[in-house]
Structures are given as structure tokens and as C-alpha cells.
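Hello,

Here is the structure I said I would pass on. My notes follow below it.

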Amino acid sequence: MRWAILDTSVYIDHWEAGRHQRELDEIRRAFVIRHSAVVLSELRRGARTREAGRLVEDLFRLARLQWAPTSEDWWEAGRLIRHIGDARGWSRGKRREFQNDVLIALTARRHGATVVTANRGDFETLSRETGVPLLTL
């Protein structure tokens, strides 16, 4: 069985602009979708309208099985963020912004899942560093 985690960028693109329907249909046929607690939190934080809030709450209710980062994932995230951030000269702000992507990737790696994202740059870097399989839309 193949597992996948959809990144926040996929939900936002789909909900706000109707993008990726054909690709999402194909992904649902090829993978069992699991929900990341990090992605759900990001979606809730960004839900600024009543309609967006309802979409996120509906998704949360449907996502009975959520994958969350472990303490080991958090520990490894600190190392990866420092390593990548130092190599690229990132500011503290960029490092904080990158943290959730790292946690999503490490959670996916632990479960042997593929990350599906529209955020090509950050996740391609993470795929190279962690070996997590990536599918970009």
C-alpha cells in the first residue's frame, strides 16, 4: 500500500483556485491519503473566512487518522533547519517558515509516505536531504 500526505499548498491551490483536480483524482487512485497534523494546523491558522473555516473543520472531522511529528522528528528538524539554513544564509524568519515543511517531510519519511506539494523549491531541498519521495503539482 502506498501512502501520501498532501501539503498545505495543494489544499490552498485547490480550494482557492480550483487547481489540480485531475492530478488529485489520480493521486487518490494511486495512494492512500493520510493527513498531517501540521498541515491541518496550517490550514486552520490561515482560514480567514467563514467558508474557509468550514472547509478546514470538515477536513479535520474527516481526518480521523492524523500523522503528527514525534519528538525525534522535532529534534531532527532542528538539525536540518540549521544545516540547510546555514548553507543558504537564511534569516531566522525563513528558518521558522521552513520548520513546518521539515516536520511534514520527516513525518512522511517515518511512515514511508510520499509528500504531494505545489511548493516545489522547499520540498525538493527536503527530498534531497531526507530521501522522502516527492510528487510536485
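Are Trp90 and Phe98 buried or exposed? Trp90 is buried, and Phe98 is buried as well; buried means under 20% relative accessible area, exposed over 50% and partly exposed in between, with a 1.4 Å probe and protein chains only.

Please note that this is a predicted model, in which local features need pLDDT of at least 70, side-chain atom pairs count only at pLDDT 80 or more, and totals for chains, interfaces and linings use all residues. Residues are numbered from 1 along each chain as its sequence is written, and side-chain values use heavy atoms, with hydrogens and water left out.

On the overall fold: the protein has seven helices and five strands, in the order β-α-α-β-α-α-β-α-α-β-α-β along the sequence. These are DSSP runs, helices being H or I of at least four residues and strands E of at least two, numbered from the N terminus. The C-alpha trace spans about 40 × 35 × 25 Å along its principal axes. Of the 137 residues, 41% count as buried.

On the rings: a search of the whole structure finds three aromatic pairs. In one of them, the ring centres of Trp90 and Phe98 are 4.8 Å apart and the planes are at 75 degrees, so the pair is edge-to-face. Rings of Phe, Tyr and Trp (its six-membered ring) pair if their centres lie within 6.5 Å; planes under 30 degrees apart are stacked, over 60 edge-to-face and the rest tilted.

Trp90 also has the charged end of Lys94 over its ring, 4.9 Å from the centre. Arg2 lies over the face of Phe31, 4.2 Å from the ring centre. For this, NZ of Lys or CZ of Arg must be within 6 Å of the ring centre and within 35 degrees of the ring normal.

Regards
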